[in-house]
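Hi,

Here is the structure I promised to pass on. Have a look at it first, and then read my notes below.

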Amino acid sequence: MIVSVSAVIGRLRSVSSGIAPWDLSDHRRAIPTAIAIVVLGAGTYGAVMGAWREPLQALFTGLKLPLVILLTTLGNTLINAMLAPLLGLHLSLRQSLTAVLFTFALAASLLGSLVPVAIFIVWNLPPLTTTTQLGSFEYSMIQLVLVAFIAGCGVAGNVLFLPVLERQSGSRRVARRVLLCWLLVNLLLGSQITWVLRPFIWDPARPVEFVGPEYLRGSFYETVFNAVRQLILEQLPLHRP
Amino acid sequence: MNTNVPMPPPLQPAIGPSPGPGPGSLRPLGDDPDDRISIPGLAGTIEAMLRYPRRVMFHLRAPQSGSLIGLMVLVALFCSLVYGVVVGSFSGESQYWAAPVKIAAGLFISALICLPSLYIFSCLSGSEARLMEVLGLVMGLLALMTILLIGFAPVAWVFSQSTTSIAAMGSLHLVFWAIATYFGLRFLHHGLRHLSGKPAGLRVWVLVFLLVMLQMSTAIRPIVGKSDRFLTNEKKFFIKHWMEQFDGGQAAQPSFRRP
């Protein structure tokens with residue numbers, strides 16, 4: 001199935017103006033189109049992220065970034081579909097899946113549009129060498145800027161989809177509540193899937209691999225909790241035995 | 001499949017406290033034709049719980065609400081068993097069957113322990129609700145809770161396959177339980193408002209119900225981790241149990257790890 005770029009952009013434009021993807025004339029193509037946008041937009045952006053390390057990492061990150069989005073959407077399909085009616089928005093399972101996919105598709109299209117900027121940043125930073133460390137400026141910079149782009153596009157994708165939910169529910173309050181809940185649930189699972197599929201840019205301790213065996217252990221939240229705990233305990237040396 | 005819940009006669013008056021003017025007034029059950037549509041089968045019950053709670057409340061007040069209550073019990077049982085399997089997948093082995101049994105039993109026993117107090121509270125607040133109606137609402141609470149837990153099951157599974165920390169997994173299940181309980185209690189609250197207008201003492205009952213469920217999770221432990229015995233004889237308050245898990249969890253972890 002060949003979908004022209006202008007048709008895809010037209011569909012995204014319609015959605016961001018408040019027309020639900022399932023109300024479009026060719027609504028049966030909504031889900032495949034959203035997946036294609038995610039794969040293309042996030043995949044290209046991911047490839048640029050990984051390219052800083054080496055071409056194989058570019059390939060892996062190009063595959064992993066869309067995979068994070070699609071697995072998160074799939075894993076949360078049920079709970080997202082349940083939360084919407086409970087919060088006052090009557091959507092079917094398919095509609096809520098399409099809605100969440102389209103928020104990601106909007107974010108991915110924005111990410112895709114930032115690919116030239118990301119290439120420019122990666123190209124301008126010192127390359128990875130044997131002397132590069134986790135605390136090196138270039139690695140910190142690439143992490144910060146590229147992740148900030150992802151966060152910004154994610155927020156923008158959700159804001160752009162808000163009119164659709166508002167029109168469906170007839171209430172801005174309900175639309176915001178549903179979108180916020182979806183965001184929280186997606187953040188919960190998405191951060192763990194991202195944790196499992198890491199690294200996206202570089203891991204000095206491991207060769208380039210799609211998913212290393214040790215990445216399947218531990219969770220994102222445990223690590224954050226332990227880090228905070230350690231930080232607090234280090235600040236209180238008198239309380240230590 | 002049909003639920004055998006008879007359609008209320010067309011002239012049946014709308015059910016509920018008299019709708020008075022003002023912001024707190026309720027539209028009586030049955031006012032909306034949607035409320036009167038029958039609830040067919042398990043899938044229909046799940047859909048009605050999520051999308052049309054008023055329909056469930058209306059049918060609970062119908063003379064033959066037993067079959068709907070039965071369906072809600074089945075939904076709650078099935079969903080709690082499925083979620084229990086996901087909880088058990090953290091430790092594996094015997095927990096694959098022990099966790100579902102404990103979770104399902106714990107939920108139903110907690111509900112039965114608290115049912116009499118809810119009925120009495122409801123009666124004392126001037127309600128003419130029958131025990132069957134209150135039972136129906138409590139089963140609705142359990143059904144909605146467990147349906148939502150099923151929604152969280154894929155997320156819980158992803159985490160249970162990644163981490164070896166009992167404290168982390170226990171906390172995650174608690175968060176899911178809290179969210180599910182919130183929506184379940186919201187259903188119960190709306191249902192009771194239709195029964196008695198203003199359910200007095202509901203906040204106290206909710207507190208009691210939460211405490212009973214939390215203590216139940218400790219009484220039937222281990223649910224997340226492993227043990228040689230199905231149940232433990234040691235009596236412990238749930239807060240103390242949690243503190244021990246967080247403090248000693250790191251040291252005790254290896255013995256609980258999956259093979």
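Let's start with a pair of helices in chain B: H5(B) crosses H6(B) in a right-handed way. Keep in mind as you look around that this is a predicted model. Helix H5 of chain B covers residues 131-162 and helix H6 of chain B covers residues 166-196; their axes are 8 Å apart, at an angle of about 155 degrees. Angles over 145 count as roughly antiparallel, so that is the word for how H5(B) and H6(B) lie relative to each other. Where H5(B) meets H6(B), the contact has 22 nonpolar, 6 polar and 1 charged residues.

Next, where the chains touch. Chain A puts 19 residues into the contact and chain B puts in 17 residues. On the side of chain A, the elements giving two or more residues are helix H4 (77-86), helix H8 (172-196) and helix H9 (220-235). That side of chain A splits into 11 nonpolar, 6 polar and 2 charged residues.

Now for some backbone details. In chain A, A:Arg198 and A:Pro199 are joined by a cis peptide bond, with omega about 0 degrees. You'll find A:Pro199 in the loop between H8 and H9 of chain A. Chain B has a cis peptide bond between B:Arg221 and B:Pro222, with omega about 0 degrees, and B:Pro222 sits in the loop between helix H7 (202-219) and helix H8 (238-256) of chain B.

One more to look up: B:Glu93 is not a glycine, yet its phi is positive, near 50 degrees. B:Glu93 is in the loop between helix H3 (66-88) and helix H4 (95-124) of chain B. Is B:Glu93 buried or exposed? It counts as exposed, because it has 11 C-beta neighbours inside 10 Å and the cut-off for exposed is 12 or fewer.

Cheers

Conventions. Residues numbered from 1 in each chain as written. Chains lettered and ligands numbered in written order. Predicted model: local features only at pLDDT ≥ 70, side-chain atom pairs only at ≥ 80, totals over all residues. Contact = placed C-beta atoms within 7 Å. Helix = DSSP H or I, 4+ residues; strand = E, 2+ residues; numbered from the N terminus. Nonpolar A, V, L, I, M, F, W, Y, C, P; charged D, E, K, R; others polar. Axes fitted to C-alpha atoms, helices over the stretch in contact; angles between N-to-C directions. Parallel < 35°, antiparallel > 145°, perpendicular 65-115°, else oblique. Left-handed = near helix turned anticlockwise from the far one by under 90°. Buried ≥ 20, exposed ≤ 12 C-beta atoms within 10 Å, placed from the backbone.
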